[in-house]
Each structure stands twice: as structure tokens, then as C-alpha cells.
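Student: Hi! I've got a model open and would like to talk it through. Could you start me off with one residue and go on from there?

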Amino acid sequence: MKQHWIDSTFLLQLVLWRCIASSFVQVNHDITVPKGLSVFLSEKNLVFNIPKDKDSCKVEVVMNEPITQRVGKLTPQVFDCHFLPNEVKYSHNGCPILDEDQVMLRA
């Protein structure tokens, strides 16, 4: 009998702390992660509106919010706004009950 995985949608949400303008995020798209597996983020999913040659910028995953990262985990905890392919990864922990997850970020 072939087993079919039900996809879980991972909603990446940037929380703007300290009055950062909403234009800080240029692209913010949901990604679909099969249960129990991992997916790397790319520029198709998340892009910040920071010039690569002028500014350095770090983003931190907010770990202490009870409504976020209930289904999986985004790693590393701190990453560059201009992250490289295969650098930022969301890992689904296999939870069969929840179909969506959110990750909060702060710059």
C-alpha cells in the first residue's frame, strides 16, 4: 500500500519590531513542506528590500512566541538578509494534527 503525505503549509511572517518600515520585506510567499521533511528557503520565498552592496542586515527567528513554530523549526536562528541558497531551512517535525505553521522574524 502506497502512503501519501499530506502537505503542510508553512507561512513565513515577518514581524516588524521597532518601527521598521513595511517596505523592508519585498517578497514573502508561503512554502509547502511535506510532513517530516525539510525545505530550504530561496529568493522565491523571502526577499528583503536591502541593497546587497550597501547595508548589512541580520534577521532573527523569534523563539519564545507560543503561537509560532509549533509544527517545525526554521534554522539557523540568526541569518543574513541576503541569505544564500541551502542556508535557511524549515524542518517539519512530522506533526499529523496541524496543517499550518508560522515563523516570526525580527530585524
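Tutor: Happy to! Let's begin with Pro76, which lies in the loop between β7 (72-75) and β8. Strands here are DSSP runs (E, at least two residues) and helices are runs of H or I with at least four, numbered from the N terminus. This is a predicted model, where local features need pLDDT of at least 70 and side-chain atom pairs count only at pLDDT 80 or more, while totals for chains, interfaces and linings use all residues. Residues are numbered from 1 along each chain as its sequence is written, and side-chain values use heavy atoms, with hydrogens and water left out.

Student: How far apart are the C-alpha atoms of Pro76 and Tyr90?

Tutor: They are separated by 9.2 Å, with the two residues 14 apart along the chain.

Student: New topic, then. How many disulfides does the structure hold?

Tutor: One, taking a disulfide as a pair of cysteine sulfur atoms within 2.5 Å. Cys57 is joined to Cys81, with an S to S distance of 1.9 Å. That pair links distant parts of the chain, 24 residues apart: Cys57 sits in the loop between β5 (46-48) and β6 (58-61), and Cys81 in the loop between β8 (78-80) and β9 (89-92).

Student: Are those two buried or exposed?

Tutor: Both Cys57 and Cys81 are buried. Cys95 counts as buried too, because its relative accessibility is 17%.

Student: How many aromatic pairs are there?

Tutor: The count is one, using rings of Phe, Tyr and Trp (its six-membered ring) with centres within 6.5 Å; planes under 30 degrees apart are stacked, over 60 edge-to-face and the rest tilted. Phe79 and Phe83 form that pair, edge-to-face at 5.8 Å centre to centre with 90° between the planes. Phe79 is buried because its relative accessible area is 1%, and Phe83 is buried because its value is 8%.

Student: Zooming out, how many helices and strands does the protein chain have?

Tutor: Zero helices and 10 strands. Of its 107 residues, 34% are buried. Among contacts with a separation of 6 or more, 59% come from residues 24 or more positions apart.

Technical notes:
Buried < 20%, exposed > 50% of the residue type's maximum accessible area, 1.4 Å probe, protein only. Contact = heavy atoms within 4.5 Å.
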